[in-house]
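Dear colleague,

Please find below the structure I promised to pass on, together with its sequence. My notes on the strands and on one helix follow it.

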Amino acid sequence: MSGERCRYENHERSVRERQRIERRRQQCATRAWWDPARWVCSIVVSVEEVWTTVVRTVRELVCTATEVAEEVVRIATTILRSMALGLDNLVGVLTGRNRTGYWPIVDSVTRDVPSVPRRTASTRSIALLLRAGNAASVRAYDEEGIHVEVELDPNGVPTIRTEGPASRPLSRTPADYPPFAPAAAITAGAPAVSFDAARLGTWLTELPRFDMVAAGGDRLIGKVAGSDAIYILLLAHPYVHDPAPGPPLHLPQSFFKLDPEVGRPDADPAHRLVHVAVPGDDERHLATERFPLFRWLFGAGAISIDLMDMWFAPMIWTRVDGRPRRDTPNPPRGYPTYDHVVYRSNLPRLRFRTGGPVPLPRLSFDVARRSIRYHRVLDLAVGVSHLHEQHTPPFGGEANSLEGTGGVFGAMLAETRSWLFGSPHFLSAYQYANGAIADYGGWLDGTCIYYQLVQLKSDAEIAAGQLADAYAVLWADEQFAFTERWRLLHIYDRDFTSPFQPIVGEISIHEHEYHPDHPFDGDRYFCPMQRGHLRPWSRMVAARQHVVVSGVAPETGQHELYSIHWAWGTMDKTWRRRGLPAPAVVEGNPPPAPHVDLSTLSLRGDATLMLAGATEIDGASVAGFWTQRLLPCDGQEVPSVEQLREEPRFAARREAYAHPWRFVATAPATRVHRAFSHFGVLQRVNSRVQCYLIGKLNAGGLDARQIEALVWEDADGALRISHRQLDFGALSRVLDGQTASARPGISSEEAVRAARQLLSGRLDDIAGVARVETRPSRYHPRARLRLRFVPQLGWIALWADKRDDKNGPLDAVERPVRLRALSDPTQSITLTGLVHVRSEIDPHGARVGLEPDGVSPPAVRRAVVSVQRAVDGSVDRVEIELHLARSAGDRRHPALADYARWSALHVMHVRVATWVAGDVRMLLEIDRTQQLAPAGDPSIQRFAWVPPVADQALLASRLTERSSMLDGTSLWCVGATGLVAVPDQVDWA
């Protein structure tokens with residue numbers, strides 16, 4: 001039992017004891033004051049209270065001792081497990097039981113599990129956008145993607161359609177199948193595959209019948225009807241690469257999973273190698289650059305492991321292999337489990353004879369690994385961040401695994417990391433392996449997490465009111481072999497054998513490595529499932545690794561939503577809660593407006609909550625959607641980490657999110673949802689999270705409009721990012737050479753020659769696996785930029801290719817930099833004095849106001865639209881007042897220390913648009929050249945606009961609260977780097 005669980009159970013027991021003692025004290029008080037029995041009763045209660053206090057204190061000491069011992073036990077367990085497995089493997093090799101020494105799988109279980117049907121889902125796919133275009137589409141990569149909707153027909157077969165002008169159903173093509181797929185499967189159009197039994201897959205000619213489906217980003221997830229079997233689908237190859245030489249390639253996604261043939265004598269090593277080789281690829285892209293190392297790792301001459309890196313084919317449903325690995329720790333005590341998979345030990349089976357007539361059974365060393373057992377699946381969800389996307393504050397996550405050093409074991413290697421990479425933190429090693437990219441936690445290389453909301457207790461137990469721990473969220477990273485099984489989304493389930501530890505495997509053990517002033521506190525980790533807040537009608541949604549579940553507050557009976565950011569490399573330090581904008585409907589006919597239907601809960605990719613419902617407008621009930629951003633405009637979790645220290649232990653959070661909900665009628669809300677990536681932003685978005693301030697620009701005779709329209713390339717290679725980077729191809733060649741020199745059967749002369757090579761020339765080869773890079777782009781030979789003029793700030797430079805926006809800062813440039821137009825090399829300009837501006841890649845601390853802000857989405861707490869009308873009702877003038885969430889006293893990037901400069905980068909445009917006859921009509925478009933001088937508080941920005949005569953009638957009817965609900969009229973802000981956001985609240989005066 002973990003220290004946190006021990007303290008929690010001690011707390012719950014203490015609460016029950018205090019309640020019992022208080023009831024006894026009240027019973028004593030019912031007697032007359034002169035009655036001796038009253039005083040005897042009071043004395044007994046007081047003694048009992050003292051005794052329970054002593055017992056509680058002792059239990060707390062035991063829990064503390066348990067927590068202290070956990071780390072020692074964890075290290076000892078790791079050592080003993082390694083010794084036991086090593087002995088078992090050695091026996092396997094020496095006895096010839098298998099070729100690898102690894103245990104084969106001899107049995108695994110698929111359980112019958114019903115579900116609450118979920119028949120529709122929608123998402124926005126970046127991969128489909130790339131698939132629809134060509135190499136040029138990558139240059140124009142933005143966050144819009146293509147809207148996709150999926151629906152299960154009555155037979156449980158999913159239909160997938162793209163929405164918009166080119167709406168069409170999606171289907172497989174022969175090009176979607178991997179090179180190793182059998183011809184018969186391609187000819188039959190096999191819609192699904194399982195790699196649970198064979199490395200080359202078991203191809204299904206009929207798709208299993210689904211009863212649940214969910215979507216997120218480029219992924220779909222479906223559950224087989226009446227079974228715990230889960231399938232996932234990738235909509236398209238997610239990356240486009242320009243190999244040298246060769247035409248553009250759409251590169252596949254791959255992920256590590258359990259090797260189904262490990263330990264089998266008939267296993268062919270070549271069947272693992274075909275998953276890690278893409279025909280025509282130069283293996284210089286992040287998606288495939290590790291393939292040479294994997295081929296060495298999986299090859300016949302290399303060491304043996306029980307994993308494989310599997311080719312994830314698009315448009316083919318692939319079964320999730322959630323079986324635990326042979327050394328995976330079982331789920332935490334106190335949760336129901338079952339034997340999921342059985343591994344055959346290499347140790348011999350023994351039969352003992354007693355001399356009697358009845359022989360004893362064999363003594364078997366086979367090992368069963370267990371998983372969480374559940375009775376029903378209530379919901380599925382997917383949380384995705386694409387490799388080319390960047391983290392921004394609305395996506396949350398208070399703890400970042402890359403800022404830690406790894407506790408006891410990590411501290412031993414911290415000095416080594418400092419010597420090799422220049423920093424003791426995991427980020428330095430990560431950049432050594434992946435290049436000079438910088439982002440927040442798991443967003444560095446893209447992340448995909450799958451979630452299930454499951455029922456742990458029986459229907460009878462729930463009907464009897466046993467709601468504590470009756471439900472749970474299970475999660476698994478797409479790198480299933482590293483998650484090792486479906487994990488409980490709780491800090492209790494934190495024991496991993498993988499060398500790549502998730503944040504939950506680190507933060508609850510080495511909490512002081514993450515924000516020492518306000519470290520993680522397991523006593524103040526609130527879980528709504530543990531506290532009995534969920535019900536049979538509860539639903540779960542996810543996006544960008546945020547998880548949201550619906551439930552009810554037991555203490556008030558009010559319906560609520562509970563949310564947490566939970567991924568492999570990033571997580572929040574507790575669940576948070578929020579109220580609903582109107583009374584909730586969970587079953588039956590809806591009441592009169594206003595109301596919300598909790599069964600329609602959804603979470604968009606821009607982290608916007610949506611709930612279908614109704615409200616009353618002009619005395620009539622209007623159907624539509626209630627929407628709210630998951631986090632307030634500034635990205636501040638409520639309560640903040642700082643405030644969490646003041647919250648009660650083991651209790652629901654007292655503070656809740658209170659930023660406003662917005663109502664939009666069904667027609668405009670549906671149009672926005674399908675057409676745009678950000679709800680309320682009626683335009684395409686193509687943003688950057690960093691920029692460079694330009695000290696001086698020599699325009700070479702070009703005007704500002706011409707400069708902004710062109711893509712500029714570094715003419716002389718002056719823009720660089722110097723870094724050391726691992727060359728996986730060179731590393732694999734060195735390892736292959738060392739392995740070959742150690743192969744059995746070589747002569748003594750060859751062995752001596754190999755040893756000399758290892759001690760002399762091989763050292764040079766080893767040094768060569770880390771190359772020194774200066775090229776600032778992994779996608780282009782030289783830096784490519786776009787320039788933009790920002791009033792009150794001057795010229796800034798942005799990365800032209802959004803993929804390069806993942807870069808760390810450029811080296812210091814001391815001389816002028818000459819740029820030439822990519823489309824016309826005769827056009828050139830010169831820049832001097834580049835200053836890098838970006839928010840810190842570890843932005844979450846005690847609270848947002850203490851975190852330095854450089855480039856982030858416009859954080860506007862409130863916007864006021866004031867319309868001055870003429871006598872005839874026409875609009876003479878429009879004034880917009882923005883109340884920025886950050887005050888002049890909050891921290892900012894050093895280059896933007898002046899509040900006016902920071903706000904100029906933060907909010908460059910204010911736009912208002914509406915829907916007219918199904919199309920977007922721009923009503924206002926104001927930039928900073930029209931800014932009025934702020935009066936008093938610099939965080940209040942005022943903009944003014946005089947409309948043309950032709951638009952006055954439309955403006956008079958659309959710049960109103962009524963129109964914002966019925967027509968979807970919306971106001972949003974655009975930063976200088978293209979980041980967008982709607983205010984938390986808009987008042988239409």
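Two strands are taken to pair if DSSP finds at least two bridges between them, and both helices (H or I, at least four residues) and strands (E, at least two) are DSSP runs, numbered from the N terminus. The model is a predicted one, in which local features need pLDDT of at least 70 and side-chain atom pairs count only at pLDDT 80 or more, while totals for chains, interfaces and linings use all residues. Residues are numbered from 1 along each chain as its sequence is written, and side-chain values use heavy atoms, with hydrogens and water left out.

In the open sheet, three strands are arranged in the order S1-S16-S19 with antiparallel pairing, and S1 (105-108) and S19 (367-372) are the edge strands, each of which pairs on one side only. Three bridges connect S1 with S16 (residues 337-343), and Asp 107 stands opposite Val 342 in S16.

There is also a barrel, closed by six strands in the order S36-S41-S40-S37-S42-S43, again with antiparallel pairing.

Turning to helix H14 (residues 666-675), Pro 668, Ala 669, Val 672 and His 673 are buried, meaning under 20% relative accessible area with a 1.4 Å probe and protein chains only. Seen down the axis of H14, these buried residues fall within an arc of 135 degrees, so they line one face of the helix; the arc is that of the directions from the helix axis to the C-beta atoms.

How values were computed: Buried < 20%, exposed > 50% of the residue type's maximum accessible area, 1.4 Å probe, protein only.
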